[in-house]
Amino acid sequence: MKALRNIIDSIKPQFEKGGKFSYLKSSFEAFETFLYVPNHTTKTGSHIRDHIDMKRTMAFVVMAAIPALLFGMWNIGYQHFLSMGETVSLWENFLFGFIKVFPIIVVSYVVGLGIEFIFAQLRGHEVNEGFLVSGILIPMIVPPDTPLWMVAIATAFAVVIGKEVFGGTGMNILNPALTARAFLFFAYPSDMSGDKVWIAEKADAYSGATPLGNLLTNQPFESLPSASDMFWGFIPGSIGETSTFLILVGAVILILTGIGSWRIMLSVFVGGFGLATFFNFIGPYVAPDNAYMALPAYYHLIMGGFAFGAVFMATDPVSASQTNKGKWIYGILIGVMAVLIRVLNPAYPEGMMLAILLMNVFAPLIDHYIVEGNIKKRMKRAKLAIT
Amino acid sequence: MSKTINIKQGLNINLQGEAEKIIADVEAGQYAIKPIDFHGVFPKLLVHEGDKVKAGTQIFYDKYRDNIKFSSPVSGTVKEIRRGAKRVLLEVSIEADAEQSFIDFGIADPNSLKREAIIEKMLESGVWPVIRQRPYTVIANPKDEPKAIFISGFDTAPLGVDFDLIVHGQGDAFQAGVDALKKLTPGIVHLNLPAGDANSKVFTNSKNVQINFFKGPHPSGNIGTQINKLDPINKDEVVWHLKPQEVLTIGRLFLEGRFNAERIIALTGSEVIKPKYFKTKIGASIAEIVKENIIEENVRYISGNALTGRKIDKVGFVGFFDNQITVIPEGDYHELFGWALPGFGKFSFSKSFPTFLNGKNKKYRLDTNLHGGERAFVMTGEMEKVFPFDIYPMQLIKSIMIEDIDAMEQLGIYEVDEEDFALIEYIDTSKIDIQAIVRKGIDVMRKEMS
C-alpha cells in the first residue's frame, strides 16, 4: 500500500498550482481523498476533530438505501415473471432486475458526478460528496423501464438547475433527487404513470397498475394487494420504494447513527396517518363514493412512495427544515400534504413527491418563524431586565 | 439560594493522559507575557531588552485603555522582545533571578477598602487583567459595574484540571479574592461547582458568594454555559468572570501586598510519560516542564486544553489564562480508506463508528488530523446536541459569516465566546473552523458597539 501512496505523491505536483494538469486539481483531489483521508491538520480552534466526515456520512445514507435497492432488483424480476405467469428462482428474478437497474445507476452516477466534477473544477472547489446519495436515490424512484436517456436528462437537470445554480451542495432549495423525479413526471408523463410502466417488460394482458392507480380510478378496495404484500414489497412500483420493511431497516440505520433525523421521519408518518384517519371518519358523510377516503389510514403509509419519501427524501438536511421544532412542522405538513393530494386531487394518484418539494420550498419560512420566536424571547428578557 | 442546574446537551471527550494528582516544583527559568492572550489589547511597551524588572513591574499597557497594565510575573532581566509580521508584539520574555524580589503594593483588607481603592490596587499591580468580561471576552473595563461576577470552580474540558487539588490549603487567599470581587459588583458573585462531588472546603466554606451546582457533560464547566443558565446577558449588560487561580492571585495581592503570580499547571495528554501537576508562575516556559517527559517527537504542544488551547512551541510559554499544557500527536498522515473502514478505536460523537459500544468511560488517543476535507454546511441538528444555550447556533454562525450585525445581536452574540462553540467545531461534519468565525463575529460586534 506504501507503493500506491508513493505513486500519488509523485504525480501530485503536476496537479498543484503551476503544474501541467493544474486545471484538473479538483478531480485529482476527489480521487486522492477517496483513497486516502487527507493529512490536513487543525490550524485554528479545536486541535482535535471528530472522525466523522462528509464522505462517511454520505456512505451511511447509501448503505441504508442498499437493502431496499437490492430487494427492488429482485422484485422487478419477480413482477416481470409473475405477469408472464412464470415462476423462476430467486437468482433469476434478481438477475433480471439487476440487468434492468444497474445501467440506470451507472447513467445516474456518470452524468451526475461528471457535472459535479466540471462545476468543482470551474469553481476551484473540492468535489462535494452530496451526489453520492442523489446518485443512488434517483434510480430508486423511477419506474424500471425508464429509458436511460431520460435518466440522463433528468439527472443533468437536477444537478444543474436543482443544485449547482444555487451554489452547489449545501445551498440547494429543493431535494436534487426529487427534482429529477419531478422533471421526469412533468416532461414525460406517459412514461411515468398509468398502468403500463411499473412492471418491466410486462405481459400485455396483465394489469400492471399500482395500488395507488387502482384507487384513483375508484376500483373497489378488494382489488388492492394485501397489506402484508405492500409492507414487504411484493407489488409493482418504482425500483426501490416498494418494500416498506426494508425502507424501515434503512431508517433504523440512519437513526441509530444519528445521520437521519428521526423527528422528520416520525412526523411525516404522524401527519399522514393523522389526516388519513380524519378522512376515514368524515368519508361516509362528505364523499361516500370516494374509495380513497375509506382506505384504512395505515394503508397510506405502506403504499407508493410514502415510506421512501419520509425516510430518504424528506430527511435531506439541506432542503429540510434546519431547526428541531421546524422539523416537526415540516414533517407533519409533508405527511398531511401527501395524503391530501392522494385523496382529494383527482389527477395525481401519488402526492409524496409534490408534498416534499412543496415543503422544501416552505422549510426556510418555517425556520424563520421558529428563530423569530427565539429572538422575541431574548428581547422580552432584555426588557424585563431594564424594568 | 443555591441552585442545581442540569445540563443535558454536551459531550465529554475522554483523552488519555490525565494528570496524576501530584504537584511537583519546577524552576522554569524563563517567563513571558504574550499580548496575544488578551483579545483587543494593543500593547505599548514600557521596557527594553536587558532591563531589570521586579515581580509587579509594568511591562506594557493597552494603548486604548491605558489604565490597564500588564506586569512581570517574576523578577529578572528582560531577555527578548519578540515581534512578528508588521512588528506585532508577540511576547516579552524575562529571565528569572534566582532570588525573587517583589514590588510592594501594601497589604490591605479588601473588606475595609472602598471599591475605587481595590480597583486602583489591582490596576497598578497588573493583577487587573485576570478579570475578563462578557460580552466579547476581553479584559474587564474598570469603569463598568458588572451585574454579576462568575467563578467556575471546575473544568469539564478534555483532561481538565482538578481545581480542588489546585486550591487546596489556599482558603485565605481565595476568600480575600472573593471579598475583593464582592466589592466590585452590586450583584452576586457566583461560584459554580460540580453537583454530587465532594468539593474542596476552600470552595464550600467561602463566604460572600452564591454557590451553584452544575450537573452534566462538558460544557457544563464553561463559564459561558453557566452565565447563560444563571443570569443570561442582555444587550448593554456586562458580567465579569474568572477561574479559581485568578481569584487566588487577587487574594494574594491583598494578603501579601505583591503580585504573586504563582500558578499550578497540569501537564496532560497521551504523549506525556508522567502527566502531573507543576507549581510554577504565570507565563512559564514549558521547556523544563516537558523535558524528558514526552514519548515521541511528532507532537503538538498546546497551552490550554485540546478544544480551545493555543498551539505553542516546545520551548514556548504557557498562556496567561491557561491552567494546563496538553501534548497530543500530530495527525499529518494519510489514511487509506479511513472514511470507509469500520474504524475500531476511532472516537466519534456520531454513532457511525463502532467505538460507541465501548461506553462513555473509555479513554482515547486523538491526534490533530482533520479527518476529512472542509465542506459546506450540510448536516443540521448536530450542533444543538452539544450546545446547551438557548441560542440557535447554526443560524448565529451563518449571520456572522455574512456579517449581519442586527441578526448577530438578535441571535445572541453577546452571550457567547468562541470556547462555547468548541464542541460544535469538534463534531462538525463539514470541518469548518467555527471558533475562528465566532471570534470574528465578536470582534466585529465590539468594533461596531465602541
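Q: Which residues of α8(B) are buried?
A: This is a predicted model: local features need pLDDT of at least 70, side-chain atom pairs count only at pLDDT 80 or more, and totals for chains, interfaces and linings use all residues. Residues are numbered from 1 along each chain as its sequence is written, while chains are lettered from A and ligands numbered from 1 in the order in which they are written. A residue is buried if 20 or more other C-beta atoms, placed from the backbone, lie within 10 Å of its own, exposed if 12 or fewer do, and partly exposed in between. α8(B) is mostly covered, with 7 of its 9 residues buried: Pro393(B), Met394(B), Gln395(B), Leu396(B), Ile397(B), Ser399(B) and Ile400(B).

Q: Which residue just after α8(B) takes a positive phi?
A: α8 of chain B spans 393-401. The positive phi comes just after this helix, at about 50°. The residue is Glu403(B).

Q: Which element gives the most residues to the side of chain B that touches chain A?
A: Two residues are in contact if their C-beta atoms, placed from the backbone, lie within 7 Å. By that rule, 62 residues of chain B meet 51 residues of chain A. Elements giving two or more residues include β18 (299-303), α9 (405-411) and α11 (434-449) of chain B. The top contributor, with 4 residues, is α10(B).

Q: How many nonpolar, polar and charged residues are on the side of chain B that touches chain A?
A: Ala, Val, Leu, Ile, Met, Phe, Trp, Tyr, Cys and Pro count as nonpolar, Asp, Glu, Lys and Arg as charged, and the others, Gly among them, as polar. The division on this side is 27 nonpolar, 22 polar and 13 charged residues.

Q: Which residue of β21(B) stands opposite Tyr36(A)?
A: Two strands pair if DSSP finds at least two bridges between them. Strand β1 (residues 36-37) of chain A and β21(B) are joined by 2 bridges and run antiparallel. Opposite Tyr36(A) stands Leu336(B).

Q: What radius of gyration does chain A have?
A: The radius is taken over C-alpha atoms, and the globule rule is 2.2 Å times the number of residues to the power 0.38. For 387 residues, a compact globule would have a value near 21 Å. The value for chain A agrees with this: 23 Å.

Q: How many helices and strands does chain A have?
A: The C-alpha atoms of chain A fill a box of roughly 75 × 70 × 35 Å along the principal axes. Buried residues make up 51% of this chain. Its elements are 17 helices and 1 strand.

Q: Which element gives the largest share of the side of domain 1 of chain B that touches domain 3 of chain B?
A: An automatic or database assignment sets the domain bounds, giving domain 1 (4-256), domain 2 (334-366) and domain 3 (370-449) in chain B. The C-alpha centres of domains 1 and 3 of chain B lie 26 Å apart. Their contact takes 19 residues from domain 1 and 17 residues from domain 3. The largest share on the domain 1 side, 3 residues, comes from helix α5 (residues 223-230) of chain B.

Q: Why is one side of β4 and one side of β7 of chain B left without a neighbour in the sheet?
A: Three strands form an open antiparallel sheet in the order β4-β6-β7 (chain B). β4 (43-45) and β7 (69-71) stand at the edges, so each has a single partner strand.

Q: Which residue of β7(B) is the bridge partner of Phe60(B)?
A: Strand β6 (residues 58-62) of chain B pairs with β7(B) in the antiparallel sense over 3 bridges. The partner of Phe60(B) is Phe70(B).

Q: Which residues is Val290(B) in contact with, leaving aside its neighbours within four places in sequence?
A: Val290(B) sits in helix α7 (residues 287-290) of chain B. Val290(B) is buried, with 21 other C-beta atoms within 10 Å. Its C-alpha atom is separated by 7.8 Å from that of Leu267(B), 23 residues apart along the chain. The contacts are Leu267(B), Lys314(B) and Val327(B).
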